[in-house]
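The model and its sequence follow.

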Amino acid sequence: MLLLQSSLNHLKLRALVAEATSSRLQISAAAIEAAIIRADSLGFSIDEMSGLQDLIDRERARDPAIVQILIVSPIGLPVLASGSEEIPGDEQDQVMRRVLGSGDTITRLDVGPRLYTGRLLFDSSNAIMGAVILTIPTETFIYQSQRTFHRMTSAYLTIFGMVSVMIVPFIIFQFSSVRHAYQALAPGGQSAMLQPSPEADALRHAIAEGDAAYAAAQAEFDALLRDEISAQRGSPA
């Protein structure tokens, strides 16, 4: 049970840390979204915005863990990007479907070595005009997750040891009567229970002496009775 609980805690802890990391990345995504919305209210499209590239470069430099910030069109085509690392081909379709096709404004996708967090961009008519996708390697938060997991495991083992020390003597005491009964019923247990003791020997000796005294008195009474009968038969009428 402890191993199962530990494994479940490890998976849950990774998900919680990934969610916290994604929420932190959404701060940069929200800043980019605000700038794009302001430009859209002035009639500029994303690719016509001046200074947008500098903005996403500054947001990526503000958090060294971010390896790429990507702005895509509603059909998933790249519009602007910051960072040398690109989304691998085997993950690109999965990421685009998750960000653009899920219907959620804010999305998160953990594919193992990388964590993607996306934010949909809406124009003044509430139509999707693209999305912001931020990429971060999972090793940046996995180390923190593993340290926390190790501390939790140490706490579990400490609690288990303390509980065992307190409960085991109580269990042994409670089941001592069962242990004695089992020893009495087990092969060789009855013979062990029947081993002579000084008290039992004294009791048996007293009983034997009582039986001998009773037998002697009974014999003496029988002899007296026979003598009396013989005397009565031998006397004249």
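In strand β5, Ala131 is the bridge partner of Leu120. The model is predicted, so local features need pLDDT of at least 70 and side-chain atom pairs count only at pLDDT 80 or more, while totals for chains, interfaces and linings use all residues. Residues are numbered from 1 along each chain as its sequence is written, and side-chain values use heavy atoms, with hydrogens and water left out.

Strand β4 (residues 114-122) and strand β5 (residues 128-137) pair in the antiparallel sense over 9 bridges. Strands here are DSSP runs of E with at least two residues, and helices are runs of H or I with at least four, numbered from the N terminus; two strands pair if DSSP finds at least two bridges between them. The two strands form a hairpin with 5 residues between them, and Asn126 in that turn has a positive phi of about 65°.

Strand β4 also pairs with β3 (residues 106-110), antiparallel, through 5 bridges. Here Leu109 has Tyr116 of β4 as its bridge partner. This hairpin has 3 residues between its strands, with Gly112 in the turn at a positive phi of about 115°.

Met166 lies in helix α4 (residues 139-174) and is exposed, with a relative accessible area of 59%.

How values were computed:
Buried means under 20% relative accessible area, exposed over 50%, partly exposed in between (1.4 Å probe, protein chains only).
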